[in-house]
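Thanks for asking me to look over this structure with you. Keep the 3D view open and click on each residue as it comes up in the points.

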Amino acid sequence: MIVKEWCMYCGECAGVCPRNLIEVKETVLVFDDEQCKECEICVKCCPIDALEKN
Ligand code: SF4
Ligand code: SF4
């Protein structure tokens with residue numbers, strides 16, 4: 001997942017991932033890309049379009 005620089009680390013995306021693969025660490029978003037099923041729920045939930053599939 002690509003995180004755009006305007007991400008505000010609100011944690012909304014982390015809360016919706018059905019597999020719990022996103023962790024917010026202050027000003028870093030950590031994704032477990034190996035387990036990601038690319039459902040894009042996180043991409044669609046971000047209110048400011050800060051996520052992009054890579
Ligand atoms: S929902 Fe969007 S703004 Fe919030 S932490 Fe996730 S990517 Fe960043
Ligand atoms: S695409 Fe789906 S599985 Fe992958 S991190 Fe986002 S919500 Fe989780």
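The numbered points below go through the core, the ligand shell, the salt bridges, the surface and a few backbone details.

1. Before we start, please keep in mind that this is a predicted model. The values in this note are computed from that model.

2. Let's begin on the inside. The largest nonpolar core has 15 residues, and those touching the most other members are Met1, Cys13, Ile22, Leu29, Phe31, Cys42 and Leu51. Helix H1, strand S3 (28–31) and helix H2 each give two or more residues to this core. H2 provides the largest share, with 3 residues. As background, nonpolar side chains tend to be buried together in soluble globular proteins.

3. Next, which residues surround ligand 2? They are Met1, Cys17, Pro18, Ile22, Cys36, Lys37, Glu38, Cys39, Glu40 and Cys42. Sorted by class, this shell holds 7 nonpolar and 3 charged residues, and no polar ones.

4. Look for Cys17 in the loop that runs between helix H1 (12–16) and strand S2 (22–25). Is Cys17 buried or exposed? Its relative accessibility is 15%, and because buried means under 20%, Cys17 counts as buried.

5. Now for the charged pairs. How many salt bridges does a search of the whole structure find? The search finds 3. One of them joins Lys4 to Glu52, where the closest N and O atoms are 2.8 Å apart. Lys4 sits in the loop between strand S1 (2–3) and H1, while Glu52 belongs to strand S4, so this pair ties together parts that are 48 residues apart in sequence. Glu52 is partly exposed, at 36% relative accessibility.

6. Lys53 deserves a point of its own. Its side chain meets that of Glu38 in a salt bridge, at 3.6 Å from N to O. This pair links distant parts of the chain, 15 residues apart: Lys53 is in the segment after S4, and Glu38 is in the loop between S3 and H2. Lys53 has a relative accessible area of 35%, so it is partly exposed. Glu38 is partly exposed too, with 41%.

7. Lys53 also forms a salt bridge with Glu40, and here the closest N and O atoms are 3.4 Å apart. Glu40 lies in the loop between S3 and H2, 13 residues from Lys53 in the segment after S4. Glu40 is partly exposed, with a relative accessible area of 25%. Through shared partners, the salt bridges join Glu38, Glu40 and Lys53 into one network. Notice that Glu38 and Glu40 are also among the residues surrounding ligand 2.

8. Moving to the surface, you can find a nonpolar patch formed by Trp6, Met8 and Ile48. Together these residues have about 300 Å² of accessible area. Ile48 is in the loop between helix H2 (41–45) and strand S4 (51–52). With a relative accessibility of 31%, Ile48 counts as partly exposed.

9. Two backbone angles are worth checking. Tyr9 is not a glycine, yet it has a positive phi of about 55°. This residue is in the loop between S1 and H1, and it is partly exposed, with a relative accessible area of 27%. Glu26, likewise a residue other than glycine, has a positive phi near 50°. Glu26 lies in the loop between S2 and S3. Why does Glu26 count as exposed? Because exposed means over 50% relative accessible area, and Glu26 has 73% relative accessibility.

10. Finally, look at Asn54, in the segment after S4. Asn54 is exposed, with a relative accessible area of 60%. Asn54 and Lys4 are 50 residues apart in sequence, and the distance between them in space is 12 Å from C-alpha to C-alpha.

Methods. Residues numbered from 1 in each chain as written. Chains lettered and ligands numbered in written order. Predicted model: local features only at pLDDT ≥ 70, side-chain atom pairs only at ≥ 80, totals over all residues. Heavy atoms only, no water. Helix = DSSP H or I, 4+ residues; strand = E, 2+ residues; numbered from the N terminus. Buried < 20%, exposed > 50% of the residue type's maximum accessible area, 1.4 Å probe, protein only. Patch = residues over 30% accessible without salt bridge, like charges linked within 9 Å, V, L, I, M, F, W, Y side chains within 5 Å. Areas by Shrake-Rupley, 256 points an atom, 1.4 Å probe, with all protein chains shown as cover. Salt bridge = Lys/Arg side-chain N within 4 Å of Asp/Glu carboxyl O. Near = heavy atom within 4 Å. Nonpolar A, V, L, I, M, F, W, Y, C, P; charged D, E, K, R; others polar. Core = buried A, V, L, I, M, F, W, Y, C linked by side-chain atoms within 4.5 Å.
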